[in-house]
Amino acid sequence: MKIVVDFDKCQSNALCMSAAPEVFEVRDDGYLYILQENPGEEMRAKVEEAVRLCPTQAITIE
Amino acid sequence: MPDPSHHDRVTNTSGAVGSVGDGERKHVVIVGASLAGLRSAEALRAHGFVGRLTIVGDEGSAPYDRPPLSKQYLSGAWGEEKLWLRARGFDELNLDLQLNVRAESLDVASLALSTSTGDIAFDGLVIATGARPRRLPEPLDHGDHAVVRTKAHSDELRDKLRDGAKVVVIGAGFIGAEVAATARCRGCEVTILEAAPLPLERQLGPDMAGVCAGLHERNGVTLHTGVTIVATTAKSVTLADGRSFAADVVVVGVGVQPNIEWLQGSGLTLGNGIECDETCRAAPSIVAVGDVACWPNARYDERARVEHWTNAAEMAEHGAATLLADLNGTPEAALSYMPVPYFWSDQYATKIQFLGRVGGFDEVRVVAGAADSGKLLALYRRGDRVVGALGLSMPRHVMAYRRLLLENASWREALASVPVAKAPGA
Ligand SMILES: Cc1cc2nc3c(=O)[nH]c(=O)nc-3n(C[C@H](O)[C@H](O)[C@H](O)COP(=O)(O)OP(=O)(O)OC[C@H]3O[C@@H](n4cnc5c(N)ncnc54)[C@H](O)[C@@H]3O)c2cc1C
Ligand code: SF4
């Protein structure tokens, strides 16, 4: 599973981080960092929750 | 209108719509083609529903997202390509999306829906008709006052928010405050008139509402609270104390009301929206979700209608599961919907984020940052439990509380996970 974030849409509100902190981190500099671009299948449920929670639909799974 | 590739399956229906589900296959109809309606469709498919799926929506445009309408889209920073819900299209959902079609009445007893283009029979129904802006009471209401709920509203208002334009915003709730902030960023001269002594007090409690109200003055917008409006024209507002404000445009943001009039006489219980049980069920095989639905949230012992984006998304998922339980003949399998509500609001450079509910809280404590620094994290206590977390421009820290709130954590636990200095709060 590959994570793609549209950084033009991302508002750094960290909802994704609350669902999957292993994959997404919004740092104090106000930017979102993707900690694992290709997380394992065991992360799928959490990443899908992040996709659904993201208020700007900035995250897609490829 | 979007590029056709955004809505391959969209049928701009003019003829009558097909009737009952064929044989074994059940037919689910969703009324309202916005966030809650689309998320319902996605969740039904994700939960394995293979029957017929029809969405009926009265707007003409492909489904779009509303929060940017008072923020990035209104300011001009975002074009319409960033508004579409499901930019990837509808093919994989295999549904009949009927735009420009209005649901006109419902008969719960016979499971029949009447629309502007004909009758539709269904086995299951999702009602997601949302809300519309409340207007000023007569005789203060004026057709030329702007409101912001639809894409067309936002387009129309943007044209009027020219550099130097005088803007009067009636109502300092979230939408009014965001419109004021966006207008200010576009170089307008902005005045907000608010009837309550303190805006957002119900949503944030007095102390934090005060902090948020302060954002306006700090950004060069005048906020008058506790005012009584006695007269308006298209371009002016007069108060009971005699003050009068001239404007190039008057914007009204005095809240929304649920779209339930079409359900009068349907057999559903209508009150503050559609009154549902704790599982989002409005009647057997009928669920209501999003801004239109009122339900008892057992987590907070309160029956409420929540008018926020995340609730529309989460409630749609939950409602879909309840509906499938009913359609499968196992209504007792439906679970209670007990979310930790979340909302955000972007005003000027400040990102306001709130998790939980403030209702009946005993204490609010600022645990990081400070009001005058523009960054702050505050926790709300009820009894010995943490019930809310507010962040001003501290996204990673406030979101770290989501799990604790979902676990109904104690106040002591919440205080123990306060971020210290630069350490992560997660
Ligand atoms: C300008 C603006 C900014 C916002 N900003 C934020 C924010 O920053 N944070 C946040 O948490 N929330 C925000 N919200 C709230 C959020 O957008 C709503 O909670 C969300 O749109 C609710 O989705 P819904 O699908 O329940 O209802 P709606 O989006 O209202 O959709 C209901 C749909 O049903 C249609 N409809 C109504 N009656 C009928 C009928 N009889 N037949 C057919 N169709 C019908 C309507 O036309 C509409 O398309 C904002 C809302 C607005 C307007
Ligand atoms: S939830 Fe979406 S908008 Fe928020 S930080 Fe994550 S990717 Fe960005």
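## A cysteine in chain A

A:Cys10 is buried, with a relative accessible area of 18%; buried means under 20% relative accessible area, exposed over 50%, and partly exposed in between, with a 1.4 Å probe and protein chains only. A:Cys10 sits in the loop between strand 1 (3–5) and helix 1 (15–19) of chain A. Helices (H or I, at least four residues) and strands (E, at least two) are DSSP runs, numbered from the N terminus.

Setting aside residues up to four places away in sequence, A:Cys10 touches A:Val5, A:Leu32, A:Thr56 and A:Ala58, where contact means heavy atoms within 4.5 Å. A:Cys10 and A:Ile59 are 49 residues apart in sequence, and their C-alpha atoms are 8.3 Å apart in space.

## Basis of the report

This is a predicted model, in which local features need pLDDT of at least 70 and side-chain atom pairs count only at pLDDT 80 or more, while totals for chains, interfaces and linings use all residues. Residues are numbered from 1 along each chain as its sequence is written, chains are lettered from A and ligands numbered from 1 in the order in which they are written, and side-chain values use heavy atoms, with hydrogens and water left out.

## A glycine in chain A

A:Gly40 belongs to the loop between strand 3 (32–34) and helix 2 (44–53) of chain A. A:Gly40 is partly exposed, with a relative accessible area of 26%. Along the chain A:Gly40 and A:Met1 are 39 residues apart, and their C-alpha atoms are separated by 6.8 Å.

## Two helices of chain B

In chain B, helix 1 (residues 35–46) packs against helix 7 (residues 309–327) at an angle of about 40°, with the axes 8 Å apart. Helix 1 of chain B is therefore oblique to helix 7 of chain B. Axes are lines fitted to C-alpha atoms, for helices over the stretch in contact, and angles run from 0 to 180 degrees between N-to-C directions. Angles under 35 degrees count as roughly parallel, over 145 as roughly antiparallel, 65 to 115 as roughly perpendicular and the rest as oblique. The crossing of helix 1 and helix 7 of chain B is right-handed; a crossing is left-handed if the near helix is turned anticlockwise from the far one by less than a right angle, and right-handed if clockwise.

From helix 1 of chain B, the residues B:Leu35, B:Ala36, B:Arg39, B:Ser40, B:Ala43 and B:Leu44 take part; they meet B:Trp309, B:Ala312, B:Ala313, B:Ala316, B:Glu317, B:Ala320, B:Leu323 and B:Leu324 of helix 7 of chain B. The residues of this contact between helix 1 and helix 7 of chain B divide into 11 nonpolar, one polar and two charged. Here Ala, Val, Leu, Ile, Met, Phe, Trp, Tyr, Cys and Pro count as nonpolar, Asp, Glu, Lys and Arg as charged, and the others, Gly among them, as polar.

## A leucine in helix 1 of chain B

B:Leu44 is part of helix 1 of chain B and is buried, with a relative accessible area of 0%. Not counting residues up to four places away in sequence, B:Leu44 touches B:Val28, B:Ile30, B:Phe49, B:Leu53, B:Ala320, B:Leu323 and B:Leu324. B:Leu44 and B:Leu324 are 280 residues apart in sequence and 7.6 Å apart in space, C-alpha to C-alpha.

## Side chains that reach chain A

B:Tyr342 is in strand 24 (residues 342–347) of chain B and, at 3% relative accessibility, counts as buried. Leaving out residues up to four places away in sequence, B:Tyr342 touches A:Asn13, A:Leu15, B:His308, B:Thr310, B:Gln353, B:Phe354, B:Leu355 and B:Met399. The side chains of B:Tyr342 and B:Gln353 are joined by a polar contact of 2.8 Å. A polar contact is a pair of N or O atoms within 3.5 Å; within protein, one must be able to donate a hydrogen and the other to accept it, and residues adjacent in sequence count only if both atoms are side-chain atoms.

B:His397 lies in helix 8 (residues 395–399) of chain B. B:His397 is buried, with a relative accessible area of 4%, and its side chain has a polar contact of 3.1 Å with the side chain of A:Asp28.

## Backbone features of chain B

The peptide bond between B:Glu138 and B:Pro139 is cis, with omega about 0°. B:Pro139 is in the loop between strand 9 (131–133) and helix 3 (151–160) of chain B.

B:Asn100 is not a glycine, yet has a positive phi of about 65°. B:Asn100 is in the loop between strand 4 (96–98) and strand 5 (103–107) of chain B, and is partly exposed at 45% relative accessibility. B:Ser393, also not a glycine, has a positive phi of about 50°. B:Ser393 is in the loop between strand 28 (385–392) and helix 8 of chain B, and is buried, with a relative accessible area of 17%.
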